[in-house]
Amino acid sequence: MSNLLVFLFLLLILFLDSFLSKSIKKVTFKGFVYANIISTAILLFIFKLLLPLTLSFFGNAEVYFVNSFGLPFNSGTIIAALIFVAFFYYSLRWTQKRNMVNLNTGLLAVLFVLVGFSSWIMIPIRANANTVINENSPSDARLLLAYYNLEQYPETKLFYGPMFSDVYAGQDPKNPFIDDKPKYERDYKTGRYKIVNFWKDARFNSNSNHNGILPRLWSSEHAANYMNFTQPLKFSIKPSYRSSPQLQEIVDDFKDDMNQGGVTGDQYHEFFKTYGTYLDIEKPTFWSNLKFFFEYQIGYMYWRYFMWNFAGRQNDNQGEYTILDGNWISGIPFLDERRLGNQSQLTDDALENKARNTYFLLPFILGLIGLSFLYSQDPKRFWVLLSFFLFTGIALKVYLNERPFEPRERDYALVGSFYVFALWIGLGAQALIQKAKSLLKNAAVPVAVVGICMALVPFLMAFENWDDHDRSNRYTAQSMAKSYLQSIQKDKGAMIFTIGDNDTFALWYAQEIEGFRTDVRTINSSLLGTDWYIDQMKRKTYESDPIPSQMTHDLYAYGVRDVIRYQPVLDSVRWDIKDLMNWISSDHPRTKIKDLLQKTGREMNLPESQLEGVFYPTNKIRVPVNKENVLKSGIVKLEDADKIVSYIDIDLPETALLKNQMMMLDILANNDWERPIYFTGGSYSDAEYLWMKKYLQLEGLVYKLVPIETELGRDNPYLMGRIDADLMYDIVMKWDWGNSERTDIYHDPETRKNGISFRSNMARLAETLINEGKKEKAKAVIDLALEKMPYEYFGYYSLLVPFVDGYFRIDENQKAQELTDQVANKYSNRLAYFESLDSDLQYSLGEEIITEIERYRALVEANLKHDKKAKLEEVLDRFVIASSPFKYLYSDYEFYTALEDVVEGYYLVGATERAQNLGNLIAKEYSDRIRLFQQFTKEGQLQLIDRIKEALMDYRYYLDRMAYYDNSPEFTTWLNQYEQDVALFTEILTQEEN
């Protein structure tokens, strides 16, 4: 794409130099527009017509000559190439003989484009070499066309197409289905190409009522985020449901909440998903699309990136549309404070972030000077460069049509635009030199101006950017990949399911480039939904054997078994997983939706692609456990043999299985516990663990599937799997950390994020070791975690709280206290920064502030558990002081009652007066809450009796806790107040009991 935009740039130069210079003496804005329209038309001709049609011609010729004339495979491609050569040879000779200069030149131009494009032949050559990493496998012209058209990505419409509201509207009433593309594959038995998919009416059509011009708001997956940016979608109850008073009440209540401004995009989305069947929901307006385009796609995804490069950057954290992360800054306080709030009380983390780069707008200003200078000196080149700037910037944003929010920052896509502005910066220096020479007649002036410009712009930018762009001596990415692979059993044919790019690419690098642990089969579960990737998994790779599978290519080809729907025919029966896979892999008519509809007498008005689809008749599956294989493969240690279960029962979704899930079950069914199966843990979705979260064992950074049941964490369901402490200890202590502890390297966001898995898993290991009485090993694990992931560089301070608790438990009190102080400083400083902001900004950051307070509270609670070992009074004081300014973000009742543990802590350390002062406030909140119910009538109180009883129970529980520490007159006052409050409801409570 970038190369084509450069081509546009060259066309524009040629057009302005030749045509405009002859027809228009002076370059005007009108001429500039004409030049861009013509150049863009040529670009679209090449990009959207010439190249796709060329690939399509080769693909169709291959199928035609092979299928129609019985020629061998690849003959059609060769014939198509010969046709091209003959066409250009004879057409160029013909036009040359007749002196048709313009047509001859046009043919040559097209030929040169095709010659340049011929470099793409390397892609199918590489694909046909069956390299290990061969995404999309574009091995012929048809597949190369799909690769060229980016068909692996969601389809976007630039000028007219569906909006995100289509997800609530259902299928189009007139044309519910549209055709897919026929997928041709080679049939080596017949020597012909055959269509493997049912392509007619194979895709759901968008609802035509939700199509519109310039569909910027297009992705149904991002509906909630869109509605946070734009005005709410208008909706009304469908006429056929307006007689329902219950529905009318629900809609009216929701509209009341809307009018009060308390509805978020997520709440809109949930409401429309739940009640969309009964509502007429309008599509986003054209103005909403424009608003999103200018506010987000241009303002946030272009202007922000542009200013990063020429004004300054706040930090390297991904922007989430708040003042905290990912914004541009200048370093000029009064300018930055207008947009980002108080800059004088920023935290150390904010100020010391290596990506915090400030240029004081100097590059930006110098570029504007250069832009103006170029216009005055050479308008023709000004318009050419301006066009290149706009096409590699704004026009690219139109084309990309980005969604909120992208998985990562996308500034790299705009580098062409930034290059142009860098040229203007250079011209700005030239402008200053000329201006200085005209004012000061001195030979040294140009040298001085160049020196000043160099110091204020490129040298300043290099100085600011060096530390966060220097990749030298940093090996954290490689070490992370190796740590994953080191966590896996060696030479057992192990398989590991990864999920997205971040979980996969690092492992691919370690295996492909460094040849590390090539005995492990890496399986990307996302790609496992594509036929070409399944084919690759069925080949031996390095030292790893193919995946165990009974599914043959014809059973999972494109368009075949993409979705397997659930039909509860045998709902009470629990099938062996092998029976399930035999059913799914069978082409017997009884496995098809068509046969089910016929037998049940239902209508068969579905497209062939759905009628020929396979269903599964029960979602209750049993996975038998081959104990002999489990022990032989080392999946479970011999000493744990008595814990092995005979089978594992899983419940599949009562909706459908996707192709990748089908293949994961296929691998599981045919493995029979001969090879260890692992998961990277990059998701908490049940499907990513084959619906067997209770049968995992955490080993280093990965989860191994083991036939031993382990309940999920009671307080934290994200804590999955059992831990073999000794085994995991040996793994962790052998990790290669890639100098992550060095202070002179740049700990980029991904390095810091990877620390989450390392810390949380090591914390779990340390806790298990402590529980088993292995304190020395636990100390070694915690020490290692803090040494290799220093808190100053890895952030995510809430993950350090388990280490505080661990140090206390092994009587390393000094270390626990030091770590507490370090983490408390981070929380206190950040809350102090929030306190310095205006109230409007504090409200907008309310969720962030509350999250920070609750994380701080977890640190306090870790110290409360070890009151005799901690510097508890100091910890409690700091927390109360730091959190009190934000009690308005809670209700007074929620804020104060959440401090009951703090009161207890004050009693524990003998700070009785503080305990009583704070305890009195809590008691008052309980009393006030109880007395609110007194405002209701007796009938109303009876309706609220459960809430009254619950409030009284909470009130009493609090007093009972405090009674253990306090029998003073002050506490007696609280008890007396409680008795008075209970007396107010004696009659109601007695009546309710009777």
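Two strands count as paired if DSSP finds at least two bridges between them, and strands themselves are DSSP runs of E with at least two residues, as helices are runs of H or I with at least four, each numbered from the N terminus. The model is predicted, so local features need pLDDT of at least 70 and side-chain atom pairs count only at pLDDT 80 or more, while totals for chains, interfaces and linings use all residues. Residues are numbered from 1 along each chain as its sequence is written, and side-chain values use heavy atoms, leaving out hydrogens and water.

Select Trp575 to begin, and then Ile621 in strand 16, which is its bridge partner. Strand 14 and strand 16 (residues 620-624) run parallel and are joined by 2 bridges. Widening the selection shows an open sheet of 3 strands, in the order 14-16-17 and with mixed pairing. Strand 14 (575-576) and strand 17 (647-651) are at the edges with a single partner strand each, so one side of each lacks a neighbour in the sheet.

Next, select helix 17 (residues 415-439) with helix 18 (residues 445-456), which pack at an angle of about 145 degrees with axes 9 Å apart; the axes are lines fitted to C-alpha atoms over the stretch in contact, and angles run from 0 to 180 degrees between N-to-C directions. In the contact (heavy atoms within 4.5 Å), Ala429, Leu432, Ile433, Ala436 and Lys437 of helix 17 meet residues of helix 18, including Val445 and Cys453.

Finally, show Phe286, which is partly exposed at 37% relative accessibility, and Trp287, which is exposed at 64%; buried means under 20%, exposed over 50%, and partly exposed in between (1.4 Å probe, protein chains only).
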